[in-house]
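Q: Could you show me how to read a pocket and a helix pair in a model?
A: Gladly; let us look together.

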Amino acid sequence: MSAQVAKNARELLLKEYRGALATQSKAMPGFPFGSVVPYCLDDQGRPLILISRIAQHTHNLQKDPKCSLLVGEREATDVQAVGRLTYLAEAEKLEQGAAIEAAAERYYRYFPDSANYHKAHDFDFWVLKPVRHRYIGGFGAIHWVDQLTLANPFAGQAERSMVEHMNSDHAKAIAHYVELAGLPASEPAQLAGIDSEGMHLRMGQSVHWLPFAESCNTPTQVREALVSLAHAQVWPKKEAVDA
C-alpha cells in the first residue's frame with residue numbers, strides 16, 4: 001500500500017464533513033445501526049463528533065464502542081465510481097475539561113450553531129480512535145489502510161490566531177480562494193481551520209477543504225502558501241507523494 005493511497009484516503013476524510021456512523025444496536029442485538037453525523041478532525045486528525053446523550057447511537061456506543069464511519073464524495077452521480085472510505089474505530093467520549101474545551105473551540109468554527117444546543121442540551125464530544133480503514137478510490141482501486149491519520153501541527157493557539165487574522169483582515173483573499181477553487185459562492189466564506197495539507201472554508205452550513213500545493217509545517221509556510229494563493233490565477237497542483 002503506497003503513501004499516495006493513504007494520502008488520498010485522508011484527503012477524502014478532510015474534504016467531507018458528514019458521514020454515516022454505524023454502531024452495534026443495543027435495542028436490536030446483532031444488528032448494525034446507521035445514523036448520519038457531522039464531524040471535523042481533532043488535533044490528531046481523528047473524526048470528532050458531537051452527539052446527544054439520548055440518541056440511539058450514543059446508547060449503542062456506551063455499550064460497545066466499536067463503530068465505523070462511512071464517508072463518500074458528496075454529490076457523486078455514480079457512487080461506485082468515486083472515492084469512499086470506511087473508517088473503523090473505537091469511540092471514546094471526552095471527559096477531561098481541557099480536552100472538551102479544545103474540541104469545542106475547533107468544532108464550533110466548523111459548525112457554529114452547535115454551540116447553542118451543546119450548551120442548552122445534553123450533548124457530548126466523542127472522538128473516533130482509528131483501528132483500520134477500507135478505502136476505495138474507484139473501480140478496482142481497493143485498499144486496506146492501517147495508518148491514515150495525521151496530527152495537525154497548528155492545533156490550538158497557532159491555528160486559532162491564523163484563522164482569526166484571515167477572517168478579520170483578509171476577506172478579499174478568502175473570496176479569491178473561493179473563486180479560484182470554483183466553489184459556489186452563495187454566502188460569504190470564512191476560514192474554519194488549517195492543517196498541514198490544506199484549509200477548510202465554511203460557507204453557511206457547508207464546509208469545503210482546499211489543498212495546499214505543498215505540505216506546510218510552520219505558520220510561516222502557511223502564510224507563504226496563503227499569500228501565493230491570493231495572487232494565483234489557477235489553483236496549483238498538489239505535490240506528488242512517494243510510494
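A: Strand 6 (84–93), helix 3 (97–110) and helix 5 (157–169) each supply at least two residues of the lining of the largest pocket. Helices (H or I, at least four residues) and strands (E, at least two) are DSSP runs, numbered from the N terminus. This is a predicted model, where local features need pLDDT of at least 70, side-chain atom pairs count only at pLDDT 80 or more, and totals for chains, interfaces and linings use all residues. Residues are numbered from 1 along each chain as its sequence is written, and side-chain values use heavy atoms, without hydrogens and water.

Q: Which element gives the most to the lining of the largest pocket?
A: Helix 3 does, with five residues. The whole lining has 19 residues, with D42, D43, A99, A102 and A103 nearest the centre; seven are nonpolar, two polar and ten charged.

Q: What is the angle between the axes of helix 3 and helix 5?
A: Two packed helices are described by the angle between their axes and the distance between the axes. Here the axes cross at roughly 30° and come within 11 Å. Helix 3 and helix 5 are therefore roughly parallel (angles under 35 degrees count as such).

Q: Which residues of helix 3 and helix 5 meet?
A: E105, R106 and R109 in helix 3 meet E159, R160 and V163 in helix 5 (contact means heavy atoms within 4.5 Å). This contact divides into one nonpolar, no polar and five charged residues.

Key. On a 1 Å grid over the protein atoms alone, a cavity is a set of points where a 1.4 Å probe fits but cannot get out, and a pocket is an open set with protein on both sides within 12 Å along at least five of seven lines; lining residues have an atom within 4 Å of a point. Ala, Val, Leu, Ile, Met, Phe, Trp, Tyr, Cys and Pro count as nonpolar, Asp, Glu, Lys and Arg as charged, and the others, Gly among them, as polar. Axes are lines fitted to C-alpha atoms, for helices over the stretch in contact, and angles run from 0 to 180 degrees between N-to-C directions. Angles under 35 degrees count as roughly parallel, over 145 as roughly antiparallel, 65 to 115 as roughly perpendicular and the rest as oblique.
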